[in-house]
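Here is a short tour of one protein model. Keep the sequence and the 3D view side by side while you read.

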Amino acid sequence: MEKIKVLHIIKSLGRGGAEMLLPETLKIHDQSKFEFYYIYFLPWKKQMVPAIENAGGKVTCFSAKNNLTLLMQSSKIAAYCKENQIKIIHAHLPWAGIVARMVGKQTKIPVLYTEHNNFDKYHFLTRILSAVTYKFQTKVLAVSEDAKNALERRNLFHDIVYVPNGVNTTYFSKENNFAKQEEVEMFIGADKVIGTVAVFRKQKRLDVFIEVAHLAQQKQLPFKFLMVGDGTEMPFMKALIEKYQLKNVFLAGIQETPADYMNYMDVFLITSDFEGLPVALLESMSMGIVPVCTNVGGIPNVVKDNQNGVLLRSQEPVEILSQLEDKVLGEITNFEKLKQEARKTIIDGYSIQRMVNQLESIYNEVLHEGK
């Protein structure tokens with residue numbers, strides 16, 4: 001039987017949540033029935049390339065310096081699709097979605113687009129170009145109810161399916177023997193660890209994370225704050241840490257295997273203004289780390305307040321620290337239950353296998369409808 005050739009198009013293959021899902025899903029896909037190709041545009045963001053290639057994917061970079069030159073690659077991508085007999089295009093994130101829909105219009109290949117965020121939060125030019133091209137796709141896969149509802153409110157597209165992200169629950173478990181980080185262990189001591197794993201962007205509001213650490217240090221609470229990742233906000237984070245002379249914050253930077261650091265976390269703190277469905281959140285919950293998060297995007301689809309985590313009442317650092325004190329230090333028995341329920345939530349509803357099964361079903365459905 002001839003394999004179904006699926007082309008994923010994404011702006012970069014750095015260490016963002018959407019990017020990191022690509023090799024993880026590829027490992028689970030039935031490669032006796034499907035063959036996977038990958039196109040990205042930013043040659044300096046290629047950390048996921050080896051993982052995809054090692055899992056059996058074929059990766060090509062169509063180099064683009066900016067979003068405009070990215071769109072100018074559509075004719076080359078159309079030729080690539082014809083040459084490789086691509087049957088389905090699956091795009092991720094706004095600008096890759098725009099160019100994918102342009103290619104789909106040229107080639108008549110069905111285009112699927114995964115909406116990772118709330119459409120209303122995008123830059124106005126991104127919204128305009130997305131809206132203009134949205135009709136040139138076959139189906140939208142929304143990672144959260146929030147993302148799905150935002151599209152439905154705008155009446156942009158009607159064939160929208162809820163496909164939440166998933167994680168490898170076998171790997172993301174504290175029962176695994178993760179690599180020891182002696183420097184981190186010395187830093188933590190006997191304190192509780194409040195952590196995060198993120199691309200350091202403005203939307204993440206990591207300044208709030210730092211302000212919480214500052215207040216915790218002032219109160220001499222037994223908390224240490226562990227930050228894994230990097231990005232445009234890193235200089236600002238370093239400046240705040242220096243300003244407050246913080247001794248309770250550890251900047252781990254980008255890590256090949258973030259789980260080695262997540263293994264030390266008791267709480268996964270998200271202070272974002274907006275989110276889709278963060279993969280790092282699912283990974284942390286799979287490891288039995290209690291999520292404490294702003295009530296935004298797809299987060300409340302997964303985190304149920306006082307059942308498997310905590311939904312923050314506000315973004316005020318004082319209020320956040322108060323909730324951390326109550327849950328981590330004041331309600332020890334309930335905190336242990338939250339850990340157990342966090343992992344159970346991911347095993348029951350957000351496994352990578354469930355996600356892949358749903359994707360493969362959609363791929364087959366789209367091809368069948370096209371005949």
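Q220 sits in the loop between helix 9 and strand 9. Helices here are DSSP runs of H or I with at least four residues, strands are runs of E with at least two, and both are numbered from the N terminus. The model is predicted, so local features need pLDDT of at least 70 and side-chain atom pairs count only at pLDDT 80 or more, while totals for chains, interfaces and linings use all residues. Residues are numbered from 1 along each chain as its sequence is written, and side-chain values use heavy atoms, with hydrogens and water left out.

Most residues other than glycine have a negative phi. Q220 is not a glycine, yet its phi is positive, about 55 degrees. Its relative accessibility is 71%, so Q220 counts as exposed. The cut-offs are these: buried means under 20% relative accessible area, exposed means over 50%, and partly exposed lies in between (1.4 Å probe, protein chains only).

K108 is another residue other than glycine with a positive phi, near 65 degrees. It belongs to the loop between helix 5 (94-107) and strand 5 (111-115). K108 counts as exposed because its relative accessibility is 71%.

**Strand 9 and its sheet**

What happens to the residues of strand 9: are they buried or exposed? Six of its six residues are buried, so the strand is mostly covered by the cut-offs above. F223, F225 and M227 point one way from the strand. K224, L226 and V228 point the other way.

Strands of a sheet pair through backbone hydrogen bonds, either parallel or antiparallel. Strand 9 (residues 223-228) runs parallel to strand 8 (residues 192-197), and six bridges join them. Two strands pair if DSSP finds at least two bridges between them. I194 stands opposite F225 of strand 9. T196 has M227 of strand 9 as its bridge partner.

Contact means heavy atoms within 4.5 Å.

**Helix 9 against helix 14**

Two packed helices are described by the angle between their axes and the distance between the axes. Helix 9 packs with helix 14 (residues 317-330) at an angle of about 65 degrees, and their axes are 9 Å apart. Axes are lines fitted to C-alpha atoms, for helices over the stretch in contact, and angles run from 0 to 180 degrees between N-to-C directions. The crossing is right-handed. That term applies if the near helix is turned clockwise from the far one by less than a right angle, and left-handed if anticlockwise.

Helix 9 brings V208, E211, V212, L215 and A216 to the contact. Helix 14 brings P317, V318, I320, L321 and L324. By class, nine of these residues are nonpolar, none is polar and one is charged. Ala, Val, Leu, Ile, Met, Phe, Trp, Tyr, Cys and Pro count as nonpolar, Asp, Glu, Lys and Arg as charged, and the others, Gly among them, as polar.

**Salt bridges**

Side chains of opposite charge can pair when their charged atoms come close. How many salt bridges does the structure hold? There are 18. A salt bridge is a side-chain nitrogen of Lys or Arg within 4 Å of a carboxyl oxygen of Asp or Glu. Among them are these pairs:

| Salt bridge | Closest N and O atoms |
|---|---|
| E24 and K27 | 3.1 Å |
| D207 and R205 | 2.9 Å |
| E319 and R313 | 2.5 Å |

E24 and K27 both lie in helix 1 (residues 17-28). They are three residues apart, about one turn of the helix. E24 is partly exposed, at 23% relative accessibility. R205 is partly exposed as well, at 25%. E319 is partly exposed, with 23%, while R313 counts as exposed, at 58%. D120, R153 and R154 are linked in a network of salt bridges.
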